[in-house]
Amino acid sequence: MLGDLDLFLPEKTFRASCDNAVESLVTPALLQALDRNEVAYPDDFIRQMGERGLLGRNVPKENGGPGGTFLEDAMVSELTGYHGTATMACARTFTAHIGYVLSRYGSKTIQERFLQPMLAGTMIACQGMTEPGAGSDLSRIESRLVPDGLGWRLRGQKRFVDGAQTAGFMLAAARLGESTDPRRDFVAVVIDTRDPGFIIREVQNDWHGFRGMGSAWVEFRDVHVDPENVVGVPGQAWTLFMEELIVERVVMARAQLGQAERALRIATNYAQHRNTFDRPLFDHEAVSFRLAHAAAQLDAAYLLDNRAARLLDQHSGDTIGRNHELEAAIAKYVGTEAAWQAADDAIQVIGGMGYTTKYPVERIQRDTRAARITGGSSEMMQLIIARHLKKEWVDATFREDLVGHEVDGSPVFNGWNPAPEGFHPTDKQRLWTIQAVESPRGSGND
Ligand SMILES: Cc1cc2nc3c(=O)[nH]c(=O)nc-3n(C[C@H](O)[C@H](O)[C@H](O)COP(=O)(O)OP(=O)(O)OC[C@H]3O[C@@H](n4cnc5c(N)ncnc54)[C@H](O)[C@@H]3O)c2cc1C
């Protein structure tokens with residue numbers, strides 16, 4: 001596969017050992033059923049992945065996980081994308097990022113009741129961040145915990161909740177208290193979806209792609225939240241969700257690369273066997289160069305994802321934080337954009353048949369589209385990258401006082417000669433003198 005050269009032998013061996021396992025759990029009938037929304041969620045697949053220890057690979061053994069690495073988890077998502085679909089990969093990805101949060105911040109009770117069944121594949125998890133009034137700007141969420149003596153009542157709404165129709169629990173973001181700083185009263189709660197106040201307002205499956213995810217618009221009508229269902233410190237969960245998103249981006253981007261690689265391989269085979277103008281399509285450079293360009297972009301994206309995953313693996317017990325944010329944003333931005341473009345290129349190479357369902361490339365192109373929006377859109381990733389540029393690259397050596405006054409000197413080169421005093425254009429003698437001094441050897445073209 002692409003990105004292979006950057007892997008060490010144990011990593012390659014791990015991936016090879018998972019490849020057949022993942023492939024054996026995927027059938028064309030399942031892929032079709034998911035894309036037609038004939039099944040609400042790939043829960044059988046998730047259960048079987050759990051039996052094989054292929055969920056939440058990053059969760060340490062002492063918390064009931066497989067005790068592997070983030071990179072392993074990313075590779076399993078890649079294989080799920082390659083053999084399966086984005087939906088299946090996303091369902092699996094939840095176990096990595098929700099797994100990270102519950103393992104790091106959840107109480108023993110939460111770990112026993114929710115984390116361990118999730119990792120075993122017997123309980124489906126969903127994630128409630130987005131609301132009608134808050135998507136990219138998570139700080140605007142309005143779901144709120146109201147004290148009721150025994151704990152709290154949760155009121156509010158969440159939308160685009162993948163797996164909401166099947167899930168046993170939701171990890172939700174809500175507010176607690178009345179802080180004027182919208183990030184100072186965040187609370188993370190685990191909600192048991194059997195609570196009578198957990199209401200599906202609308203099934204959301206009429207999507208462009210990414211189907212079979214059992215997504216829904218959810219309303220909380222006084223859902224009971226016990227104090228023991230709070231994850232981490234109440235009021236300080238903003239950073240917890242930021243950490244979770246970092247993990248999600250790295251693992252989720254990898255699934256898109258797996259899918260896109262599959263589309264490119266299919267297109268390469270097609271191009272080799274389809275003739276136009278007396279030769280295989282592949283022998284027209286416009287075609288093979290398109291494939292080459294897409295493959296190079298994917299390979300670069302694999303390397304970036306490896307880097308981001310390895311950085312997460314180096315956190316060795318420390319909290320994931322700002323120092324991982326940039327690399328994760330770059331991996332997600334470059335990876336999801338390259339994957340979508342590669343899938344689109346695969347359709348173009350195959351032509352009309354690429355637009356039909358005889359080849360999975362049209363589905364892959366629809367599926368990869370979602371990843372440019374969810375988990376932090378491409379624009380949000382650019383915002384993060386730009387913020388780092390401003391912090392790390394803007395420095396005092398750049399002469400801000402000369403911006404707009406470059407006639408007096410260069411903001412970049414210290415001591416660059418300021419332009420001499422002005423003179424009138426009729427003063428030819430002056431003009432010649434200056435040209436002779438500044439260009440003693442002529443323009444270089446003569
Ligand atoms: C397939 C799919 C699955 C999802 N699953 C889940 C889930 O399981 N749980 C969950 O909580 N959420 C989920 N979401 C929601 C997803 O996280 C949000 O859609 C995403 O965060 C964007 O929010 P929004 O749709 O409200 O768009 P908005 O935040 O309203 O933004 C609209 C557009 O404007 C751009 N934009 C916004 N602000 C700026 C800015 N400052 N500069 C430049 N551009 C900007 C955005 O990038 C976007 O393109 C899912 C979404 C999709 C599509």
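The bend at a residue is the angle between axes fitted to the seven residues ending there and the seven starting there.

**Figure 1. Helix H1 and its bend at Cys18.** In this predicted model, H1 bends by about 25 degrees at Cys18. The helix comprises 16 residues, 9-24, which should span 22 Å at 1.5 Å a residue; the C-alpha atoms at its ends lie 24 Å apart, which agrees.

**Figure 2. The buried residues of H1.** Arg15, Cys18 and Val22 are buried in H1. The buried residues of H1 pack against helix H4, residues 70-83.

**Figure 3. Helix H4 within the structure.** H4 has 14 residues, and the distance from its first C-alpha to its last is 20 Å, close to the 20 Å expected at 1.5 Å a residue. Because 14 of the 14 residues of H4 are buried, this helix is largely enclosed by the rest of the structure.

**Figure 4. The crossing of H4 and H5.** Two packed helices are described by the angle between their axes and the distance between the axes. The axes of H4 and helix H5 (residues 86-105) come within 8 Å and cross at roughly 165 degrees. Angles over 145 degrees count as roughly antiparallel, and H4 and H5 are therefore roughly antiparallel to each other. The crossing in which H4 passes H5 is right-handed.

**Figure 5. Residues where H4 and H5 meet.** From H4, the residues taking part are Asp73, Val76, Ser77, Thr80 and Gly81. In H5 they meet Ala86, Met88, Ala89, Arg92, Thr93 and Ala96.

Technical notes:
Residues are numbered from 1 along each chain as its sequence is written. This is a predicted model: local features need pLDDT of at least 70, side-chain atom pairs count only at pLDDT 80 or more; totals for chains, interfaces and linings use all residues. Helices (H or I, at least four residues) and strands (E, at least two) are DSSP runs, numbered from the N terminus. The expected span of a helix is 1.5 Å times one less than its number of residues. A residue is buried if 20 or more other C-beta atoms lie within 10 Å of its own, exposed if 12 or fewer, and partly exposed in between; C-beta atoms are placed from the backbone. Two residues are in contact if their C-beta atoms, placed from the backbone, lie within 7 Å. Axes are lines fitted to C-alpha atoms, for helices over the stretch in contact, and angles run from 0 to 180 degrees between N-to-C directions. Angles under 35 degrees count as roughly parallel, over 145 as roughly antiparallel, 65 to 115 as roughly perpendicular and the rest as oblique. A crossing is left-handed if the near helix is turned anticlockwise from the far one by less than a right angle, and right-handed if clockwise.
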